[in-house]
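Hi,

Here is the structure I promised to pass on. Have a look at it first, and then read my notes below.

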Amino acid sequence: MQLLNRRYAALLFGLIVAPLSQAQPVIKFGVDPSYPPFETKQPDGSLSGFDIDLGNALCAELQVKCIWVEQSFDGMIPALKARKFDAILSAFSATEVRRQQVDFSNKIYTAPSSLVARKNSGLLPTPQSLQGKSVGVVQGSLHENYAKTQWGRQGANILSYQTQDQVFSDLINGRLDAAFQASVQADIGLLQKPQGQDFSFAGDPITDKSIIGDGVAIGVRKNQPELREQLNTAIAGIRQSGQYDQIAKQYFNFDIYGE
């Protein structure tokens, strides 16, 4: 009788645990959907963009469910540390300053940055040219850090905004002399649109790795090597299979991955 009770208890325990053990693993990515073509929010509330497609492909490679958690860019690292999500996948460049707070996956693409201003403005991305000028950047971004360090200390007025759309709006309306952001983002988000016809890139792209970083990667919490290595394995997998290139060709006519 005692043996039968034990067998019944074991069977009951198995019935309880089985559904839980079959639950699909999940990776939650933090994203600020205001950076087309990398991430944007559609009118129906769905998310789209290069980063979104990459993240979904990585989750499929790892056979896990992808969940996207919206977060303002300037709050990404605090939200990651607070375990609001598992990783940051939102045009997040791997800079030395950020490496002090989070770990990074291998590179997922390269994103040079550029200054944009009105055509024939004569502005250049130098302290001398921008002295006394107003430059818009996204709050909490590497562009904000670079602009304040390189130009703000020499007399440029660096204005920080919550979203890139707000930066472009004030640039178009004449409240800003220039905007500083990822080159691709400026091209697709402004210069290729009708409202951007009076604007152009000002000077050469900024590629200073000491501040811009070693490329865009996925940010994870410190002391989580397992997740970082899983993501690295998935990145290598979609690169080798050609899926990465198939996704990239939908957004860019050049090699976004770089060397």
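Val 135 has Ile 158 in β10 as its bridge partner. That pair belongs to strands β9 (residues 134-138) and β10 (residues 157-161), which run parallel and are joined by 5 bridges. Helices (H or I, at least four residues) and strands (E, at least two) are DSSP runs, numbered from the N terminus, and two strands pair if DSSP finds at least two bridges between them.

Before I go on, a word on the model. It is a predicted one, where local features need pLDDT of at least 70 and side-chain atom pairs count only at pLDDT 80 or more, while totals for chains, interfaces and linings use all residues. Residues are numbered from 1 along each chain as its sequence is written, and side-chain values use heavy atoms, with hydrogens and water left out.

Back to β9 and β10: together with helix α6 (residues 142-150) they make a right-handed β-α-β unit (right-handed if, with the strands pointing away from the viewer, the path from the first strand over the helix to the second runs clockwise). Both strands sit in an open sheet of 5 strands, in the order β10-β9-β11-β8-β12, with mixed pairing. Its edge strands are β10 and β12, each pairing on one side only. From one strand to the next, the twist averages 30 degrees. Axes here are lines fitted to C-alpha atoms, for helices over the stretch in contact, and angles run from 0 to 180 degrees between N-to-C directions.

At the β12 end, β8 and β12 pair in the antiparallel sense over 3 bridges, and Ala 117 stands opposite Ser 200 in β12. α6 lies across β8, β9, β10 and β11, at about 130 degrees to β11. α7 lies across β8, β9, β10, β11 and β12, at about 150 degrees to β11.

Is helix α8 mostly covered or mostly open? Mostly covered: 7 of the 9 residues in α8 (residues 183-191) are buried (buried means under 20% relative accessible area, exposed over 50%, partly exposed in between, with a 1.4 Å probe and protein chains only). Among those buried are Val 184, Ala 186 and Leu 190. The cover includes β2, β8, α7, β11 and β12.

The other open sheet I'd point you to has 5 strands in the order β5-β1-β6-β13-β7, and the pairing is mixed. β5 and β7 stand at the edges with a single partner strand each, so one side of each is left without a neighbour in the sheet. Inside it, β6 (residues 87-88) and β13 (residues 219-220) pair in the antiparallel sense over 2 bridges, with Ile 88 opposite Gly 219. α2 lies across β1 and β5, running at about 145 degrees to β5.

**The cores**

The largest nonpolar core has 33 residues, and Phe 29, Phe 50, Tyr 109, Ile 218 and Tyr 244 have the most contacts inside it. A nonpolar core is a set of buried Ala, Val, Leu, Ile, Met, Phe, Trp, Tyr and Cys residues joined through side-chain atoms within 4.5 Å. α2 gives the most to this core, with 6 residues. A second, separate core of 26 residues includes Met 76, Leu 80, Val 102 and Ala 186. As for Tyr 109, the residues it touches include Phe 38, Phe 50, Ala 91 and Tyr 244 (contact means heavy atoms within 4.5 Å).

- Asp 103 is in strand β7 and counts as buried, at 18% relative accessibility. A polar contact of 3.1 Å joins its side chain to that of Lys 222 (a pair of N or O atoms within 3.5 Å; within protein, one must be able to donate a hydrogen and the other to accept it, and residues adjacent in sequence count only if both atoms are side-chain atoms).
- Pro 36 to Pro 37 is a cis peptide bond, with omega near 5 degrees. Pro 37 is in the loop between β2 and β3.
- Ala 91 is not a glycine, yet has a positive phi of about 50 degrees.
- Asn 120 also has a positive phi, near 65 degrees, and is exposed, with a relative accessible area of 84%.

Cheers

Notes: Lists of a residue's contacts leave out its neighbours within four places in sequence.
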